[in-house]
Amino acid sequence: MIGPSIRIDSCKGCGLCIASCPRQVLAFSERINARGVRYAVARSAENCADCGTCYLMCPDAAIEVLELAPLARTG
Ligand code: SF4
Ligand code: SF4
């Protein structure tokens, strides 16, 4: 399994991950989370490049990327 894993109730709906993903993997859900916002979801995880950009951009540490590229983990 690759791609982003988003903790729904930690997301504040800022959209930074969605805007920064180079492969348009992420989008806002139609649903509302416990914080009362539309949260980010992976619409096409199969297109994820494991680049780690969404992980690095999220201000609330709501995203983990499985099989993240080594550069993103250490950089
Ligand atoms: S790891 Fe990169 S390609 Fe995958 S969802 Fe995050 S920003 Fe997009
Ligand atoms: S960057 Fe984090 S808080 Fe903002 S929409 Fe994405 S997952 Fe949610």
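Colleague: Which residues is Tyr39 in contact with, leaving aside its neighbours within four places in sequence?
Modeller: With those neighbours set aside, Tyr39 is in contact with Ile6, Ile8, Cys11, Gly13, Ser29 and Asn33. Contact here requires that the two C-beta atoms, placed from the backbone, lie within 7 Å.

Colleague: What kind of model is this?
Modeller: This is a predicted model, in which local features need pLDDT of at least 70 and side-chain atom pairs count only at pLDDT 80 or more, while totals for chains, interfaces and linings use all residues. Residues are numbered from 1 along each chain as its sequence is written, chains are lettered from A, and ligands are numbered from 1 in the order in which they are written.

Colleague: Back to Tyr39: buried or exposed?
Modeller: Tyr39 counts as buried because it has 20 C-beta neighbours inside 10 Å. The categories are buried for 20 or more other C-beta atoms within 10 Å of a residue's own, exposed for 12 or fewer, and partly exposed in between, with C-beta atoms placed from the backbone.

Colleague: And in which strand is Tyr39 found?
Modeller: Tyr39 belongs to strand S3. Helices (H or I, at least four residues) and strands (E, at least two) are DSSP runs, numbered from the N terminus.

Colleague: What does S3 pair with, and in which sense?
Modeller: S3 pairs with strand S2 (residues 26-32) in the antiparallel sense, over four bridges; pairing requires that DSSP finds at least two bridges between the strands. Ala27 stands opposite Val41 in S3, and Phe28 stands opposite Ala40 in S3.

Colleague: How many residues are between S2 and S3 in the hairpin?
Modeller: Five residues lie between them, and Gly36 in the turn has a positive phi of about 80°.

Colleague: New topic. Which residues of the shell around ligand 2 are the closest?
Modeller: Cys11, Cys14, Cys17, Ala40 and Cys58 are the closest of the 15 residues that surround ligand 2. A residue is near a molecule if its C-beta atom, placed from the backbone, lies within 6 Å of it.

Colleague: Which elements give two or more residues to that shell around ligand 2?
Modeller: Helix H1 (16-20) and strand S3 (38-42) do. By class, the shell around ligand 2 has 11 nonpolar, two polar and two charged residues. Ala, Val, Leu, Ile, Met, Phe, Trp, Tyr, Cys and Pro count as nonpolar, Asp, Glu, Lys and Arg as charged, and the others, Gly among them, as polar.

Colleague: What comes nearest to ligand 1?
Modeller: Of the 14 residues around ligand 1, the nearest are Cys21, Cys48, Cys51, Thr53 and Cys54. That shell divides into 10 nonpolar, two polar and two charged residues.

Colleague: Which residues in the largest nonpolar core touch the most other members?
Modeller: Ile6, Cys17, Leu26, Ala40, Cys54 and Ile63 do, out of 13 residues in that core. A nonpolar core is a set of buried Ala, Val, Leu, Ile, Met, Phe, Trp, Tyr and Cys residues joined through C-beta atoms within 7 Å. Leaving aside neighbours within four places in sequence, Cys54 is in contact with Pro4, Cys17, Ser20, Cys21, Leu26, Ile63 and Val65.

Colleague: Finally, Glu67: where does it lie?
Modeller: Glu67 lies in the loop between S4 and helix H3 (70-74). Glu67 is classed as exposed because it has 9 other C-beta atoms within 10 Å. Not counting residues up to four places away in sequence, Glu67 touches Ile2 and Asp50. Glu67 and Ile2 are 65 residues apart in sequence, with their C-alpha atoms 5.9 Å apart in space.
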